[in-house]
Amino acid sequence: MDGDGDMDPGRDDLPLRANTNHILVRHYVLDLDINLQTKVITGTVVLFLEPGPLAGDGNGAGEGAPTPPQPSQSDDSWGDESHRDFTLVLDCCDLTVSKVEELDVTSVSDMQGLLKEVKGEGSGVGPQPDSQSAVLIQRLISLPSTQWKKQHHLYFQCSHAPASEGGGPLISHTDRWSLQVRKRGVRTIQEFPRALRVCYKTKPEGGSVRWTKDQDNRSCVYTAGSPINNRALFPCQEPPVAMSTWQAQVRAPRECVVLLSGENQAQPTHLHHTGLSSWDYYVTMPMPASTFTLAVGYWRQATAQLSTAQLTPPVQGTRAGASHTHAGSLDLNPFTNMDRPIITCPQSALVYSGLKDEKHSESDCSGLADDDFTCCHADYPCPFTDPSAWSQEVVPHRMFAPPSLLQKAQVQVLPLLPGCLAAAHATLGVHPFPRLDVLIVPASFSSLGMASPHIIFLSQSVLCGDREGDGEGVGERGLSLCGSRLCHELSHSWFGLAIGARDWTEEWISEGFATYLEDIIWARAQQLSSKETEEQSQLKALLRWRRLSDELQNSEEQLQILRPNMESTGQVSESGSSLVKHALNPEKTFMQVHYLKGYFLLRFLASKVGLEYFLHFFRLFIKKYHGQLILSQDFLQMLLETFPDMERQGLTLEAIYADWLDRPGVPKWLCEGSVVWTQTRLVEDVKAEVMPEQLVLLLEILLEEAELSVTSLHTIKRTYDLPKQDAEVRHRWCELVIKHKYAQAYGDVEHFLIHDQAMGVYLYGELMIQEDSRQQALARRCLSLVQNEMDKSARRVVEEMVL
């Protein structure tokens, strides 16, 4: 596989350069300083390493090993004489690396206990001095999960160890996509240092993090789910097979809140005379480095009802929330009640205790927690082995937002969380992660949501209500977009995070599953009847079918394939490096095919065995594969083995590949099934009082009309109060406005392009294609207002349309 050289500038594949077959990072310790003014993160990352699966006794140089890059003029030490030395390759870009050093872990007094344990094993002869560090690190990495606190304490102590003075220096080199490290004269992996410290700083233009302003025009930074993942945040091993744990210490301005993908609800430590606070997070579950998530800003926590006086953003430089704190209201001090275990809300829109009905009782999950249950993953403190986790319907959770959106977060999102968490538990079983933070991210966020371990980002576009209002009184129907999106992101805790794709090109394993499960979980959270659930499911299927059909007609065929590597899926080079096909294609960023086609594949499979049996199979699959990486064949093969009648009816693994995963276009079953979805009651009565999904459908039908009068458009806007609807509805309204050149509503289009950037990209194209000077001027004006804060991929696509 051609995965080791630099990417051809003319191609849109993302190189994963790390040589994970040779050597693996097992733990990261990050120590970071956030500077919101200079837009730079400075710090260190310490890597704890062990030989990879193909380390053997050689130097890991053979076929597929990284070709040594040509040295830059300033890198005199990276010479030809060392090209036979073993090279550690890390994924890295847009970082300034100042130093890489080997750590002397033998100088850490607390590590001597491990050395004594090692000496007590085997022949009783202790390791030679030159190998003591390697033995100690291997012993540290191998500590059982019951000793994770001791392990993390030792990791932290070792991360502050001095640089090793013996054995020669480390030399390093950075190229476009990697950081490469050697130790002069070290030819084998076994001799290579096991603990390294990389001193570096990020660049403001680095693609892994977004430096921007929040809705109150205050500086913030967050990991944006970039196609390049976290390699511009810290040097790491990006391939998903490099499962690791981490701990991080982050320093930021004292008024800021630091949220991070960690198991603990961190408490800030105020650093006297510095104006900074320090936050410490950790994880004990091995995860791909791409799932590490960070958000730093002047967020505030929503815990109860808000008073009007509290909604004024604090003045820059003053202690936030120092006053105006009332009993029974939200405290704007970001550090109050940070350790509150479970947030409840008396006005909760969803009463999750009602989920314990006969059909979805605790017994649905308790049968999985049998005495013979054993995990199949690497050793870590797993909630699936904790009896109390099986009955914990709602995990501790917190809600954060900038001050101007706290009221909406309080009224709309916070009351949904307990019911959605409980519904997810009723559907899928044990929560894989012990806690959850939810954050309303800045308007420039390019998606409606993003899930990471312990944290969910939500776009402000999922919120409902007046542009300046709080959305109070919108009702449960008005919360449909917010609730369904929240359920989508919660689904990723199981599919996408606890169970991840071994090959990143198989995005449907994450997004198709989450799209399918969001409907089921949201229906349970609303406690809909079986008839209401089915009607809602049919309506959602019709809308998704229309969206998928449109996308398949207007996209490249190569981007429509769910398994683009086909028989080569999951394969890597000898070193472990590979390419992620089309990952850097900006058009792919905004495509829904992996969501929608994957959703319909799961809907098709469920139709073959029945919904209840299918969901029970999901729980069996989670029980077997949590904490692991999978390919499509793992899920499909287990499904066919569990339901042998499917194969006897001709539904084989090869047939599913051929019809659904390995070809573009629409599978035959989907064409036939779509007819049914147009004949449901909810489709027939879209002109009556409607739910948001019906309103979307109504507007889509109207988009097919060649002409609509100004009077009709005015009546539609007034009748359905369109500016107050959710973003899905407003997007269709904007399309209608543009198509019929309804100038009185151009303000709605401008507001959408500025405040709903997660969904507005293609409206620019529609404004330009009309060849109307006023509409084109509107597009250019909106772009000029937001281009400095836009997601890079989105900006590139929009500029190609507009400029």
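How many salt bridges does a search of the whole structure find? The search finds 30 salt bridges, each being a side-chain nitrogen of Lys or Arg within 4 Å of a carboxyl oxygen of Asp or Glu. This is a predicted model, in which local features need pLDDT of at least 70 and side-chain atom pairs count only at pLDDT 80 or more, while totals for chains, interfaces and linings use all residues. Residues are numbered from 1 along each chain as its sequence is written, and side-chain values use heavy atoms, with hydrogens and water left out.

**View 1. Arginine 187 meets aspartate 85 in a salt bridge.** The closest N and O atoms of this pair are 2.8 Å apart. Arginine 187 lies in the loop between β7 (178-183) and β8 (195-202), and aspartate 85 in the loop between β3 (40-51) and β4 (87-91), so the pair ties together parts that are 102 residues apart in sequence. Helices (H or I, at least four residues) and strands (E, at least two) are DSSP runs, numbered from the N terminus. Aspartate 85 is buried, at 5% relative accessible area, whereas arginine 187, at 37%, is partly exposed. Here buried means under 20% relative accessible area, exposed means over 50%, and partly exposed is in between (1.4 Å probe, protein chains only).

**View 2. Arginine 231 and aspartate 91 form a salt bridge.** Their closest N and O atoms are 3.8 Å apart. Arginine 231 sits in the loop between β10 (219-223) and β11 (244-253) and aspartate 91 in strand β4, so this pair joins parts that are 140 residues apart in sequence. Both residues are buried.

View 3. Glutamate 800 is exposed at 57%, while arginine 796 is partly exposed at 45%.

**View 4. Five names, one network: salt bridges link Glu518, Asp519, Lys540, Arg544 and Glu693.**

**View 5. Leu605 and Phe618 touch the most other members of the largest nonpolar core, which has 208 residues.** Such a core is a set of buried Ala, Val, Leu, Ile, Met, Phe, Trp, Tyr and Cys residues joined through side-chain atoms within 4.5 Å. Helix α13 (residues 593-609) gives the most to this core, with 11 residues. Leaving aside neighbours within four places in sequence, leucine 605 has contacts (heavy atoms within 4.5 Å) that include Phe614, Leu636 and Ile656.
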